[in-house]
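Dear colleague,

I am passing on the structure that we spoke about, with some notes for you to read beside it.

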Amino acid sequence: MSGSIIVKGARILGAESQDVLVRDGVIAQMGSDISEQGARVIDAAGLVALPGLVDLHTHLREPGFEQSETVLTGSRAAAAGGFTAVHAMANTSPVADTAGVVEQVASLGDAAGYVTVRPVGAVTVGLKGEALAEIGAMARSRAAVRVFSDDGKCVSDALLMRRALEYVKAFDGVIAQHAQEPRLTEGAQMNEGEVSGELGLAGWPAVAEEAIIARDVLLAEHVGSRVHICHLSTAGSVEVVRWAKSRGIAVTAEVTPHHLLLDEQLVRSYDARYKVNPPLRRAEDVEALRAGLADGTIDIVATDHAPHPAEDKDCEWASAAFGMVGLETALSVVQAAVVDTGHLEWTDVARVLSRTPAEIGRLAGYEQGIAVGAPANFTLYDDSVTSILEAGALRGKSSNSPYLSLSLPGRVVGTIHAGYATVLDGELVDEETVREAGGRRG
Amino acid sequence: MRHLLSTRDLTRDDAVAILDVAEDMADVSTREIKKLPALRGKTVVNLFFEDSTRTRISFEAAAKRLSADVINFAAKGSSVSKGESLKDTAQTLAAIGADAVVVRHGASGAPQVLATSGWIDAGVVNAGDGTHEHPTQALLDAFTIRRRFFGTDARGRDLAGLSVVIVGDVIHSRVARSNAWLLTTLGASVRLVAPPTLLPVGVNTWPVTVDYSLDDSLAKPADVVMMLRVQGERMNAAFFPNAREYSRLWGLDDARLAGLGEGTIVMHPGPMNRGLEISSGAADSARSTVLEQVSNGVSVRMAVLYLLLSGEREDLA
Ligand SMILES: [Zn+2]
């Protein structure tokens with residue numbers, strides 16, 4: 001069995017069609033009418049080829065919450081969505097605040113083989129916001145952690161945040177802040193505004209996000225560190241980040257697919273699938289986020305894939321868990337929200353979903369995208385189809401998707417990770433084949 | 001009427017029709033035999049996830065006067081466990097064969113989830129959900145106002161031309177929300193009076209006017225002054241400095257009572273904090289409708305259950 005693959009006729013970044021030859025884990029040749037003895041041929045006529053997607057914000061839930069997701073099931077969901085690398089958030093049990101836990105998560109990822117799993121380390125011990133976690137040990141571990149985050153919780157103590165921003169510089173790390181002022185959001189259930197007032201749900205005001213971002217960009221400027229802001233959700237946050245960038249502050253920002261497409265009016269149903277943190281905001285915020293992504297204020301799209309078991313969503317709003325799954329649908333939602341609406345070209349999608357998130361996470365191999373000599377990480381995407389999302393299309397363990405029974409454009413047809421296929425003809429390649437392919441490589 | 005989840009989606013004609021049926025029910029209550037056979041064979045479940053003896057006995061009396069079978073189901077969880085889930089409870093009630101479920105829940109939207117989940121077929125009546133709505137309370141308030149101002153001439157009428165002042169903890173009050181929607185739908189003008197901390201963001205989009213000063217608001221003509229209960233737990237959460245200041249600025253004390261116009265009535269959904277939002281003088285005065293509200297509550301709930309469960313249930317839908 002040869003490891004070589006020839007992809008025939010894919011539109012590279014949505015532009016001209018080329019053949020791509022993959023050999024020994026790298027892109028060996030690009031051009032027309034490429035052939036190679038014994039290579040597997042993938043007919044990609046009409047499909048868009050994008051560099052392998054990199055998610056900077058994924059909850060894989062293992063260790064500790066395996067009823068929601070495992071590294072393996074989350075990796076499969078990621079591959080099905082066209083991803084070749086994910087950053088696994090630290091809010092597991094035990095928390096990923098030691099070298100032991102991050103190495104365990106990284107090895108589980110390697111063993112599964114569907115994507116590169118890059119563990120995120122906690123900023124503070126146990127996500128408690130009291131003492132710095134062993135950032136240096138995690139950075140120097142086999143997992144080589146570069147992104148640190150207490151995501152799910154905000155590093156709200158200003159002094160601790162300052163120290164964290166300073167300390168990670170020693171390891172070329174970055175703090176990814178979940179910006180949520182805790183006192184302003186006690187018991188918060190949805191965006192605070194007209195709709196929360198009517199529905200009688202405790203409000204999560206925009207200012208609780210914007211105030212923390214404003215503080216943190218000023219802290220980053222003061223100590224000369226880079227800072228990353230998770231899941232921007234408000235127009236005001238876009239303004240603050242735009243201002244910070246204009247001052248030359250080293251801030252990067254992400255937006256989720258769901259904040260680019262959905263707004264708070266959906267909460268009127270009290271359907272807990274729409275319960276997420278930060279909450280769905282106003283239609284004006286959605287517009288501002290799209291514009292911010294288009295003009296580069298927002299650097300990347302990250303899924304905040306947050307699986308939960310059915311019983312945590314099949315209940316009254318206040319009791320339901322925050323979060324939605326998003327790996328499988330990310331590219332389709334991005335197409336619907338910002339490509340089909342004219343905000344982004346496919347080259348921009350490659351930047352915001354692959355090159356820049358890899359750069360923020362210091363993940364090598366994504367600098368050139370799809371180019372001869374680059375590691376073979378790419379996805380083949382049919383942007384011409386439209387379909388209703390069925391639960392069967394979700395490949396992780398949980399099905400808490402807000403898009404079920406909605407019509408979405410596009411479909412991931414193939415994913416190549418490190419030179420081998422993880423998705424072919426729109427179906428996941430089986431676990432054993434992927435594990436073996438991954439093993440041969442490593 | 002398939003369910004009664006909120007007053008926000010009631011039309012004027014729906015609301016007037018409910019109030020008119022409630023008038024018929026009130027007539028029954030004055031008879032020697034206070035019972036109608038209308039809902040014989042129907043099962044009404046009072047599903048209370050939150051204690052409220054007043055509301056529960058009101059619904060229970062209403063269902064019994066219509067000859068329905070009544071099951072009281074207190075599903076309140078302990079402080080340790082979450083209690084039985086809404087879904088499991090609903091499926092249990094479906095298996096029992098409940099025709100209507102009267103649900104009180106601490107979570108806003110729980111009755112709507114129950115009605116739209118597909119877990120159970122029964123008609124759902126919202127008996128108060130979190131800080132969202134309490135539609136039968138607003139209906140009984142509207143009924144009480146209509147009777148006080150129009151007496152035997154009330155049937156068929158709405159509340160056009162009347163002005164209502166609602167005072168207090170609007171942000172946390174399901175009663176205030178349900179009344180704001182219903183009374184304005186019925187043509188009344190509504191003024192909300194509260195400290196800014198107790199008004200929801202976005203109240204400027206409601207069909208009401210807002211005053212921070214009770215005295216300024218009471219200086220304008222008012223047919224109805226409705227005082228809301230102030231919950232003890234607000235005291236320690238910086239909504240206002242202390243009970244004394246609240247009472248001084250937003251309480252209906254004897255001096256403010258004495259200054260009310262001749263025909264102005266005083267309402268309170270109960271239970272009252274005497275001396276805090278309302279003085280005993282105000283609560284016990286001839287202007288006070290507090291006890292009428294309780295008895296009218298039974299008539300209104302009879303009307304709602306009747307419209308939900310009798311053959312006419314489709315007509316109002
Ligand atoms: Zn977060």
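Below are notes on the metal site and then on the interface.

This is a predicted model, in which local features need pLDDT of at least 70 and side-chain atom pairs count only at pLDDT 80 or more, while totals for chains, interfaces and linings use all residues. Residues are numbered from 1 along each chain as its sequence is written, chains are lettered from A and ligands numbered from 1 in the order in which they are written, and side-chain values use heavy atoms, with hydrogens and water left out.

The zinc ion is coordinated at 1.9 to 2.2 Å by Asp151(A) through OD, His178(A) through ND1 and His231(A) through NE2; donors are N, O and S atoms within 2.8 Å of the metal (3.2 Å for Na, K and Ca), and since water is not among the atoms, sites may look incomplete. In sequence, these donor residues follow the spacing D-x26-H-x52-H. Both Asp151(A) and His178(A) are buried (under 20% relative accessible area with a 1.4 Å probe, protein chains only).

Turning to the interface, the contact (heavy atoms within 4.5 Å) takes 17 residues from chain A and 21 residues from chain B. The area buried between the two chains is about 1500 Å², with 52% given by carbon and sulfur atoms, where buried area is the accessible area (1.4 Å probe) lost on putting two parts together, summed over both. Glu198(A), Tyr270(A) and Glu316(A) supply 39% of the area that chain A buries against chain B, more than any other three residues.

The rule finds 2 salt bridges across this interface (a side-chain nitrogen of Lys or Arg within 4 Å of a carboxyl oxygen of Asp or Glu). Asp314(A) forms a salt bridge with Lys87(B), with the closest N and O atoms 2.7 Å apart.

Best regards

Note on methods
Buried < 20%, exposed > 50% of the residue type's maximum accessible area, 1.4 Å probe, protein only.
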